[in-house]
Amino acid sequence: MNEMTPPSSEERAKSLKGLGSARKRVEDVRFTQGKGNYVDDIHMDGMLFGDFVRSPYAHARVTSVDKSAALALPGVVAVLTAEDLEPLGLHWMPTLAGDKQMVLADGKVLFQGQEVAFVVAEDRYIAADAVELVEVDYEDLPVVVDPFKAQEPDAPVLREDLAGQTEGAHGPRRHHNHIFTWEQGDREATEAVISEADVVAEEMIYYHRTHPCPLETCGCVASMDKVTGKLTLQGTFQAPHAVRTIASLISGIAEHNIRVISPDIGGGFGNKVGVYPGYVCSIVASIVTGRPVKWVEDRMDNLMSTAFARDYWMQGRIAATKEGKITGLWCHTTADHGAFDACADPTKFPAGFMNICTGSYDIPVAYLAVDGVYTNKAPGGVAYRCSFRVTEAAYFIERMIEILALKLGMDSAELRRINFIKKEQFPYHSALGWEYDSGDYHTAWDKALAAVDYDRLRSEQSERLEAFKRGETRKLLGIGLTFFTEIVGAGPVKNCDILGLGMFDSCEIRIHPTGSAIARLGTISQGQGHATTFAQILASEIGLPADDITIEEGDTDTAPYGLGTYGSRSTPVAGAATAMAGRKIRAKAQMIAAYLLEVHDDDVAFDVDRFAVKGAPDRFKTMKEIAFAAYNQAIPGLEPGLEAVSYYDPPNMTYPFGAYISVLDIDVDTGVIDIRQFYALDDCGTRINPMIIDGQIHGGVTEALAIALGQEIVYDEMGNMMTGTLMDFFIPTSWETPNYVTDFTVTPSPHHPIGAKGVGESPNVGGVPCFSNAVHDAFKSFGLTQTHMPHDHWRVWRTAKELGLHG
Ligand code: CDP
């Protein structure tokens, strides 16, 4: 190449590090050098520390709280109880699900670990000591932790505050511990199809209670400036703007006088969406004392009191012809919501997106009913790395497919293939009300099966079985298949709101005169790498290098209003807002370029990093030159400057999908599972950063592994929480984590400006059934149809024993 040859369009595009570039994460420079700024790193002059007195009982009347000994301890500044909060109307708070929740125990406690009093002290250790000195008298009450027993006529009344209320936030309540019934689909038609079907498979599928358990627990620092009247709340918030609005509504402080900041967040996974008593108490304590107050959970606080996930009992029936064409699906779910309905779901969806339970299959009729029930367990019900119960839905349908295949005596890979929604059926309207935007399931499935050499795996499995029967091995081979469809990117506003706040998102871009930029968004990264990838979207849209674009999130005083990051909504919604705001910048840049080049606006065209005169590519103005001109040239009819903002209300959600296959060796004598192979094919439409996508898949499959094979929140019959430490609650380390093989197809979303769908949650949604199906698959030749997760060593060993495999 001649030294003077100007770089080609491809070379210029590459140097921008835009869409498709495996750009290294810009965040990691800070994180790997210890320069992260997490809530617990925040220090302020005069800062106090809060800690909770928590209930040792799961259900009890609080007969008295004596603070005197605690208050006498040097360094203790205040002890708050419900009595102190009542005059402010803050002893109860609204939940995201339309229920209300005690901030501090008001007359009784409803779960072990419930917040009873808030101690505020000069340092964290004094606060912890003072917690021990608060004397609380309890009168224990009968406990119910089983959601079915909770619905019996003589079950203890848990929510006395709701006595006589036959209407809840989501319709009629038919029992004192009943929260709502949510019905979707056509019950009559589904039952008619089931009664006439050639084959019907029926099973109870339990998706156990677990917890998102981010490495960093929840916490905040509340700081009320009595001079300016401004409250600054820094905390682990996945939705800072929503927190600001809710804080304003609850406290009566005008919204412009509240600044919410999410600093670096060490993993959210849904755990940091809700509003917790710790936030309210810290704000009140700061107002009362006039000093900043920090509250940070320890691990036990986090596991026992902030939002759990799952706990769905899903009774299913699936009907098919004898050739395997599915004709109908029926599901009744009992949802254990614990003591308060504090689920984080869009208002109109009290069971989240559970009505995507027809999965990736063309099922003509379906019916879903979900009953929400109160028990003496912690409240929550958040989307642990999934979009509002889609993981429960995916687990349900992917287990039902396996159970149906057993009943039909058919290979489940083939059963999936003959029931997949076909490429030409998109946009596809599901029987339970969704419009899937795009998909090509057959291509993805064939690619996945070929990649693992599926037929060879099945032959190996048969050989292994024969060897097992001959006594030559004690290990069975399990092959786990899963094909999932995710639903991510809530909005649209017309369908999705949280506490009345429409679920759009936003991006505001400011181009500086020298051609670098800052973009602020309504979302907040918790490890997903937004600072890296959103700059890539912009680089491709506005032709400036990603390295010259700063991404800022998480400060309500500077970022435009948005609904935050959860449910893989950042790329589908804020990513779209970013592209749209970029296009506004580009439209103005086009006018500036045309003026500078002395041609009509229509006579210039965008080319990677410049506008060039059509038919004369050497006559151009680069985006850097245009940026400078925007601030230095008086252009007739145009305001100076180069800025844009977009509030994006998506027309639909996006429907990423994936084909996952796992191969497990299972030792029947010890229950130990060796993950031999895990193959994950994901289709998230246009891929922004393949390296970050791989990282998302690795992390999410590891969480799926944890959930499927051991992670569980367990209560005994007295409501004692048995898994309050990481000794009891399984977090996989590199020791348990295998190598993953990742793969992809690309089916762009037709309505997203750059065709991207979300990806962060797919591996959790697809991974759990993939592991669980493999465990079931290993034992299916011995008559196992369904056993409950998690498949820890003990349960697997017990399954083998029950099947008579221990000789
Ligand atoms: O909302 P959340 O950030 O958790 O999930 P997401 O939108 O699925 O994005 C997770 C990460 O993957 C972000 O850094 C995205 O920019 C990136 N991603 C990507 O590179 N390409 C896609 N098609 C989707 C997400």
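Select Arg456 to start: this residue is partly exposed, with a relative accessible area of 41%. Partly exposed lies between buried (under 20% relative accessible area) and exposed (over 50%), using a 1.4 Å probe and protein chains only. The model is predicted: local features need pLDDT of at least 70, side-chain atom pairs count only at pLDDT 80 or more, and totals for chains, interfaces and linings use all residues. Residues are numbered from 1 along each chain as its sequence is written, and side-chain values use heavy atoms, with hydrogens and water left out.

**Stop 1: the Arg456 pair**

Arg456 forms a salt bridge with Glu460, and the closest N and O atoms are 3.4 Å apart. A salt bridge here is a side-chain nitrogen of Lys or Arg within 4 Å of a carboxyl oxygen of Asp or Glu. Both residues sit in helix H13 (residues 454–469); they are four residues apart, so about one helical turn separates them. Helices are DSSP runs of H or I with at least four residues, numbered from the N terminus. An α-helix has 3.6 residues a turn, so residues three or four places apart point the same way.

**Stop 2: Arg416 and Glu402**

Now select Arg416 and Glu402. They form a salt bridge, with 2.9 Å between the closest N and O atoms. This pair links distant parts of the chain: Arg416 lies in helix H11 (residues 412–419) and Glu402 in helix H10 (residues 390–408), 14 residues apart. Arg416 counts as buried, at 0% relative accessibility. Glu402 is buried too, with a relative accessible area of 11%.

**Stop 3: Arg510 and Glu508**

Move to Arg510. Its salt bridge partner is Glu508, and the closest N and O atoms are 3.7 Å apart. Arg510 is partly exposed at 34% relative accessibility. Glu508 is partly exposed as well, with a relative accessible area of 21%.

**Stop 4: a network**

Select Arg12, Asp607, Asp609 and Arg610 together. Salt bridges link these four in a network. Across the whole structure, a search finds 57 salt bridges.

**Stop 5: helix H14**

Finish with residues 530–542. This is helix H14, with 13 residues. From first C-alpha to last, H14 reaches 18 Å, close to the 18 Å expected at 1.5 Å a residue. The expected span is 1.5 Å times one less than the number of residues.

How many of the 13 residues of H14 are buried? The count is 12, so H14 is largely enclosed by the rest of the structure. Among them are His530, Phe534, Gln536, Leu538 and Glu541. Step past the helix to Gly543, which follows H14 and has a positive phi, near 70°.

Definitions and conventions: Helix = DSSP H or I, 4+ residues; strand = E, 2+ residues; numbered from the N terminus.
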